[in-house]
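Let's take a look at charged side chains and who pairs up with whom. Here is the structure to follow along with.

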Amino acid sequence: MMQIKYCCRHVVLDPYVKMYLLYNSQRIAKKKTHVKKRTLNPVFNESFVFDIPVGAEGLDNVSLEFMLLDWDRVTKNEVMRHRELSK
């Protein structure tokens, strides 16, 4: 679970999550959630399906990378949190 913490109460965020499927530490697939406008407590109730590579024997070389970002129309989207899950 990733929580969003900011020091200023007046900050408005537009968070979303990018997910990457990694095989042998290389990104092979990408998915992302919808942007949740103006919230510090987003709920991402979305499902995603990734196809595991044909050559993968089990999940030993497979992992998922999650990035929580703040969407911005003008500047580059800011990465707020980053996690990787593996076996």
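Predicted model: local features only at pLDDT ≥ 70, side-chain atom pairs only at ≥ 80, totals over all residues.

Side chains of opposite charge can pair when their charged atoms come close. Searching the whole structure turns up 3 salt bridges.

## A link between two strands

Arg27 pairs with Glu65, and their closest N and O atoms sit 3.0 Å apart. This one joins distant parts of the chain: Arg27 belongs to strand E2 (residues 26-32) and Glu65 to strand E3 (residues 62-70), 38 residues apart.

## A pair within a loop

Next up is Glu46, which forms a salt bridge with Lys36; here the closest N and O atoms are 3.9 Å apart. Both residues lie in the loop between E2 and E3, so the bridge ties together parts that are 10 residues apart in sequence.

Glu46 is partly exposed at 25% relative accessible area, and Lys36 is partly exposed at 24%.

## From the loop to the segment after E4

Asp60 and Lys87 make another salt bridge, with 3.2 Å between the closest N and O atoms. Asp60 is in the loop between E2 and E3, and Lys87 is in the segment after strand E4 (78-86), so parts 27 residues apart in sequence get tied together.

Asp60 and Lys87 are both exposed.

Technical notes:
Residues numbered from 1 in each chain as written. Heavy atoms only, no water. Salt bridge = Lys/Arg side-chain N within 4 Å of Asp/Glu carboxyl O. Helix = DSSP H or I, 4+ residues; strand = E, 2+ residues; numbered from the N terminus. Buried < 20%, exposed > 50% of the residue type's maximum accessible area, 1.4 Å probe, protein only.
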